[in-house]
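Thanks for coming. Please take a moment with the sequence and the model before I go through them.

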Amino acid sequence: MIEGIRQAEEKLAQPRVLDQTKPYECWDGALLQEGLWFKWDDHLRDYVALPDQTPPPHPPDRLDPRERRTELLWKGRTIYVQHGWPFDPATWKRIKA
């Protein structure tokens, strides 16, 4: 049991890295995915979530047309990304991965 706890603690201590299989948005030199900001880490050679971020907000169900969004091609189709969350451009509903 103690070994299981130690392994869980090690996993939690690892930094969260960007999942390149999910849509993300590049904004002002950082990447935004699922409400979290990521910056390049030279040591890990990957994009790592910035520390001290609040937990990601509850993902919105619909795109907010008043706010900035990015149009991009993802898995062969066009989507909108807003605050790191993917949306269908036809319905403005969030795409669930």
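In the protein chain, confidence is lowest in helix α1, residues 2–13, with a mean of 73, and highest in strand β4, residues 46–49, at 90. The score here is pLDDT, the predictor's confidence in each residue, on a scale from 0 to 100. Helices (H or I, at least four residues) and strands (E, at least two) are DSSP runs, numbered from the N terminus. Over the protein chain, pLDDT averages 84, and 92% of the residues score at least 70. Where pLDDT is low, the predicted coordinates should not be read in detail.

Some ground rules. This is a predicted model, so local features need pLDDT of at least 70 and side-chain atom pairs count only at pLDDT 80 or more, while totals for chains, interfaces and linings use all residues. Residues are numbered from 1 along each chain as its sequence is written, and side-chain values use heavy atoms, with hydrogens and water left out.

Now the sheet. Three strands form an open sheet in the order β5-β6-β7, with antiparallel pairing; two strands pair if DSSP finds at least two bridges between them. β5 (70–74) and β7 (85–87) are at the edges with a single partner strand each, so one side of each has no neighbour in the sheet. From one strand to the next, the twist averages 45°, taken between N-to-C directions of lines fitted to C-alpha atoms, on a range from 0 to 180 degrees. Strand β6, residues 77–82, is joined to β7 by 3 bridges.

Tyr80 stands opposite Phe87 in β7. Arg69 lies over the face of Tyr80, 5.1 Å from the ring centre; the criterion is NZ of Lys or CZ of Arg within 6 Å of the ring centre and within 35 degrees of the ring normal.

How many aromatic pairs does a search of the whole structure find? It finds 1. Trp40 and Tyr47 are edge-to-face, 5.1 Å centre to centre, with 75° between the planes. Rings of Phe, Tyr and Trp (its six-membered ring) pair if their centres lie within 6.5 Å; planes under 30 degrees apart are stacked, over 60 edge-to-face, and the rest tilted.

Last, two residues in loops. Glu34, between β2 (30–33) and β3 (36–41), has a positive phi of about 50° although it is not a glycine. His83, in the loop between β6 and β7, also is not a glycine and has a positive phi of about 55°.
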